Amino acid sequence: MLGLALAHHNAGRHAKAGEWTDKAVRAFPPAFYAGIAQAILCYNGAERLEDARRLMAAGLRLSPGSRQSTFAAPQLSPKLRAELFQAMAKAGLPE
């Protein structure tokens, strides 16, 4: 479901990405940081900042040492990595 959300996000269908993210979070509450980050990206694209912030709080409980200064996602394209970084910072990733 998060894969479908990301596909919609990448295609610019942000509202649809948010809907798939909702389904994924309801069915399988993210218990891993990568899933939370992807959901934050999709919620940010759909302009659902409160949902993104809620998931950021959950992500920080799983990975309390996460910081903007140590952010890395080398497996992503530079464009997507920059977009993810901006979404994470906007959702409350500490500096």
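A: In this predicted model, the largest pocket has a volume of about 300 Å³. A pocket here is an open set of points on a 1 Å grid over the protein atoms alone, where a 1.4 Å probe fits, with protein on both sides within 12 Å along at least five of seven lines; lining residues have an atom within 4 Å of a point. The volume is the space filled by probe spheres set on the points, which are joined across faces, edges and corners. Of the 18 lining residues, Ala-34, Ala-37, Ala-73, Gln-75 and Leu-84 are the closest to the centre. Two or more lining residues come from each of α3 and α5, and α3 gives the largest share, 5 residues. Helices are DSSP runs (H or I, at least four residues), numbered from the N terminus. By class, the lining has 13 nonpolar, 4 polar and 1 charged residues. Nonpolar covers Ala, Val, Leu, Ile, Met, Phe, Trp, Tyr, Cys and Pro; charged covers Asp, Glu, Lys and Arg; the others, Gly among them, are polar.

Turning to contacts, Ile-40 touches Ala-52, Leu-55, Met-56, Ala-87, Met-88 and Ala-91, leaving aside neighbours within four places in sequence; contact means heavy atoms within 4.5 Å.

Residues are numbered from 1 along each chain as its sequence is written. Local features need pLDDT of at least 70 and side-chain atom pairs pLDDT 80 or more, while totals for chains, interfaces and linings use all residues, and side-chain values use heavy atoms, without hydrogens and water.
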